[in-house]
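Open the model in your viewer and switch to a cartoon view. This tour goes from one selection to the next.

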Amino acid sequence: MMDSAALWASLPVPAFLIDAWDKIADVNAAGEGFLNTSRKALLGQPVWDTLAIDAPIEDAFARARVQGTPLFVNDIDVGSGSRAPLQCGVQIASLQGQEGVMLLMVTPRELAGRMTQTHSAKSAAASAIGMAEMLAHEIKNPLAGITGAAQLLSMGLGPEDLELTDLIVSESRRIVKLLEQVEQFGNLTEPEFKPVNLHDVLDRARRSALLGFGAHMTITEGYDPSLPMAWGDADQLLQVVLNLLKNASEAADPKGGHIHIRTFYEHSFRLRRSDGTGKLLPLQIEIIDDGPGLPENIKDDIFDPFVSGRENGTGLGLALVSKIVSEHNGWISVSSVPGRTVFRLSLSRVPRDAKPQES
């Protein structure tokens, strides 16, 4: 006979048993991970106070209990007080043999969608960057000549004409800067994997931000002191965090805003590949800001190259972030509404048989 406890623990999606008074009677390991809360803390809690479901589901839930019929709800946002909502499917059914007890399962849609999106982004990046790198060298040489010629012309011009040569020089330099970013994107080396203290990386990024582009921001931390070492390239992960902090700082009101950096351990977070294998990514970093949120027209494509929500933005910052995280075999996701944008990085811990790459 199959062990029901083992079956319950092995369910790959968050699952909850709800008693006749709509309180949580049990939760599996995936449910603990989804809510980032222990089973002990969840037992006895009102389910509708614990799960934030963006749909009027309580009445339908009550009817399903009375009628004994299953209920399926697709594409609704489900979250909690400790995590941003994800688009999910929700399945509800009566538990056979226990009157009034209901089984509620949550299936996050985000991972499957982002897997396809990440693959498309990487393909688009390879094509776009390949062409851009080929053109960059050819464009930079004549730009240098144009800039030099404009500077020579400016020596004998009056104030009105100087505005034109200054415009030529400044715009040429802006184009060169863009081309240099394209080259940096394409020339990024493979990660040099070593044990990494993520809190050291985050502290370096925070100090750098407060001394530069984020001087107008308030940056706070909520670190899990027991977080194990990550497996990755510290310099490249620093580049990821700096890009995310810079993005949040530039989107904020010029008078200032708030960024909260949070770390925690989510033991059930596993990235499943198309071949059925999976990789555990328990180390979580969230960078949360109170800015205006991502524009609706680019929200689904924000990690694609050359997609930017800012005037004169290159659209390479978040594409570079996605590329680095992908090469770390990690995961990045974003949820955004006005007043709360959350970028979440999921990374692996040091393997037991880890041997750092030689320089």
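Predicted model: local features only at pLDDT ≥ 70, side-chain atom pairs only at ≥ 80, totals over all residues.

Five strands make up an open sheet of mixed pairing, ordered E8-E10-E13-E15-E14. Select 217–222 and 331–337 next. These are strands E8 and E14, the edges of the sheet; each has a single partner strand, so one side of each lacks a neighbour in the sheet. From one strand to the next, the twist averages 15°.

## Stop two: a strand pair

Select residues 257–265, strand E10, together with residues 283–289, strand E13. The two run antiparallel, and seven bridges join them. Now pick out tyrosine 265. What stands opposite tyrosine 265 in E13? The residue there is leucine 283.

## Stop four: where the helices meet

Keep H8 and H9 on screen. At what angle do H8 and H9 pack? The angle is about 45°, and the axes are 9 Å apart. H8 is therefore oblique to H9. The crossing of H8 and H9 is right-handed.

Show side chains at the contact. On the H8 side, select Leu198, Val201, Leu202, Arg204, Ala205, Arg206, Ser208 and Ala209. They meet Ala234, Asp235, Leu237, Leu238, Val241, Leu242 and Leu245 of H9. Colour by class: the contact of H8 with H9 holds 11 nonpolar residues, one polar and three charged.

## Last stop: confidence

Colour the chain by pLDDT. The mean is 79, with 77% of residues at 70 or more. Finally, select residues 306–315. Here pLDDT stays under 50, and the model has 23 contacts beyond four places in sequence for this stretch.

Key: Residues numbered from 1 in each chain as written. Heavy atoms only, no water. Pairing = 2+ DSSP bridges. Helix = DSSP H or I, 4+ residues; strand = E, 2+ residues; numbered from the N terminus. Axes fitted to C-alpha atoms, helices over the stretch in contact; angles between N-to-C directions. Parallel < 35°, antiparallel > 145°, perpendicular 65-115°, else oblique. Left-handed = near helix turned anticlockwise from the far one by under 90°. Contact = heavy atoms within 4.5 Å. Nonpolar A, V, L, I, M, F, W, Y, C, P; charged D, E, K, R; others polar. pLDDT = per-residue confidence, 0-100.
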